[in-house]
Amino acid sequence: MSSITFPDGFLWGGATAANQLEGAYDEGGKGLSVQDVMPRGIVGPRTAEPTPDNLKLVGIDFYHRYAEDIALFAKMGFKTFRFSIAWSRIFPKGDESEPNEEGLAFYDRVLDELEKHGIEPLVTISHYETPLHLAEAYDGWTDRRLIGFYENYARTLFERYGSRVKYWLTFNEINSLLHAPFMSGGINTPKEQLTEQQLYQAMHHELVASARATRIAREVAPNAQIGCMVLSMPVYPLSPSPADALEVMAFDHSNLVYGDVHTRGVYPGYFLRTLSEKGIELEITDEDRDDLTNTVDFVSFSYYMSVAATADPAKKATGEGNIMGGVPNPTLEASEWGWQIDPIGLRLVLNQFWDRWQKPLFIVENGLGAKDQLVEVDGVKTVVDDYRIAYLNDHLVQVGEAIADGVEVMGYTPWGCIDLVSASTAQLSKRYGFIYVDRNDDGSGTLERYEKKSFDWYAEVIRTNGASLTR
């Protein structure tokens with residue numbers, strides 16, 4: 001069996017999002033975002049105003065501790081750091097014509113720190129952080145006017161940081177919009193009251209905005225590379241039945257359409273058939289069609305789990321914690337939050353995406369949420385997270401296999417490289433990081449940082465460019 005080989009220049013690092021770690025929700029001229037009224041993540045109702053039980057208001061205080069945290073990332077040997085820019089830090093309401101200089105200056109300081117340590121920034125323009133005003137005044141991405149607001153925001157970022165940031169992602173997990181419309185698309189109308197017409201039109205608006213940002217980047221920052229970002233979820237037939245295989249195709253299509261548009265510049269036939277059968281007629285202008293031809297340089301994605309599909313109504317049970325649907329696979333184990341663990345699925349999705357799109361791929365989220373226990377080992381506080389090491393090792397082995405298959409993989413940034421507030425449940429006890437942050441679900445804690453056992457493990461993986469991984 002051949003050894004695992006990663007290419008020279010492979011971008012090892014970690015991934016975060018502004019709303020889950022920055023805190024300082026009302027500092028530096030920042031306006032409110034949808035996250036500031038989501039104290040229970042996607043599992044609970046929004047609130048009218050920010051409430052003290054919303055852990056994201058403080059996060060892990062990265063806003064004030066970014067230099068300390070970036071130094072820890074550098075200690076691990078990070079080649080890249082994925083973070084998002086909070087839209088409402090730059091345009092507090094989202095629809096202003098002029099940006100908030102204090103917000104722009106904050107990210108200049110973050111970039112200064114990354115440059116000091118030789119870490120390449122990977123920036124997400126919109127990561128579940130739509131300004132709350134855009135949700136309440138326009139109903140989020142259901143309104144075509146958001147394309148222009150996003151265009152102004154993206155242009156501002158490219159003009160300010162285009163010479164400093166090479167890698168950009170337009171929207172985080174853009175294919176989650178239909179499933180979590182408030183968090184993903186700033187759509188204020190309750191999900192149960194939304195029509196499919198509204199949701200698919202919002203999807204179209206985001207795709208046009210993403211393509212328009214790609215065009216602007218090429219004008220303003222010609223050396224930048226622009227990627228889309230999708231939530232990947234390989235799906236298996238629950239049985240060998242051809243009807244189950246058709247269910248797999250339909251499930252796949254519902255996710256792949258986003259990457260198809262981003263990489264090919266047109267809506268695929270299967271999607272047009274879906275719209276027709278649903279009686280949906282999208283408002284698509286000639287300008288929209290022209291915009292969509294601005295295709296991405298690379299495709300990035302998150303990978304946490306796989307699912308199964310069946311045509312048998314009696315077997316269509318939904319997996320716990322899975323916002324995208326699908327049926328639990330009886331052959332797989334699951335995490336504490338019901339997310340099924342499937343390292344081989346990552347190799348499969350890498351091959352599928354590469355074969356389909358022929359664009360470089362970037363794994364920008366992958367990780368295990370778990371309840372870590374802070375302990376003392378030889379007088380040093382740490383977390384003995386062998387379970388996380390095993391999870392990441394097994395997934396990275398499969399990344400190596402995909403690379404051996406001929407797949408072009410740019411890098412790997414596991415999710416929550418430092419503990420932060422969970423997007424799905426808004427808990428801190430659902431920890432992903434290599435760095436433990438002393439903050440609890442009730443908001444208590446010192447916010448002190450402690451290196452977990454996985455910290456040294458990942459540092460060695462990076463130092464050896466993957467050679468230290470074990471099969």
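## Tyrosine 391

The side chain of tyrosine 391 reaches the backbone oxygen of glycine 367 at 3.1 Å. The model is predicted: local features need pLDDT of at least 70, side-chain atom pairs count only at pLDDT 80 or more, and totals for chains, interfaces and linings use all residues. Residues are numbered from 1 along each chain as its sequence is written, and side-chain values use heavy atoms, with hydrogens and water left out.

Tyrosine 391 sits in helix H13. Helices here are DSSP runs (H or I, at least four residues), numbered from the N terminus. Tyrosine 391 has a relative accessible area of 6%, so it is buried (under 20% relative accessible area, with a 1.4 Å probe and protein chains only). What does tyrosine 391 touch, not counting residues up to four places away in sequence? The list is Tyr303, Tyr304, Ile341, Asn366, Gly367 and Leu368. Contact means heavy atoms within 4.5 Å. Isoleucine 341 is 50 residues apart from tyrosine 391 along the chain, yet their C-alpha atoms are separated by 8.1 Å.

## H13 and H14

Two packed helices are described by the angle between their axes and the distance between the axes. Axes are lines fitted to C-alpha atoms, for helices over the stretch in contact, and angles run from 0 to 180 degrees between N-to-C directions. For H13 (residues 386-404) and H14, the axes come within 9 Å and cross at roughly 25°. The two helices, H13 and H14, are therefore roughly parallel (angles under 35 degrees).

On the H13 side, the contact uses Asp386, Arg388, Ile389, Leu392, Asn393 and Leu396. H14 supplies Lys453, Ser454, Trp457 and Val461.

## H2 and H14

H14 (residues 453-463) also meets H2 (residues 62-76). Their axes come within 8 Å and cross at roughly 55°. Leu72, Lys75 and Met76 of H2 make the contact with Phe455, Tyr458, Ala459 and Ile462 of H14.

## Histidine 262

Is histidine 262 buried or exposed? Its relative accessibility is 5%, so histidine 262 counts as buried. Histidine 262 lies in helix H9 (residues 242-264). Leaving aside neighbours within four places in sequence, its contacts include Thr170, Ile174, Leu207 and Cys228. Ser210 is also in contact with histidine 262. The side chains of histidine 262 and serine 210 are joined by a polar contact of 2.8 Å. A polar contact is a pair of N or O atoms within 3.5 Å; within protein, one must be able to donate a hydrogen and the other to accept it, and residues adjacent in sequence count only if both atoms are side-chain atoms.

Technical notes. Parallel < 35°, antiparallel > 145°, perpendicular 65-115°, else oblique. Buried < 20%, exposed > 50% of the residue type's maximum accessible area, 1.4 Å probe, protein only.
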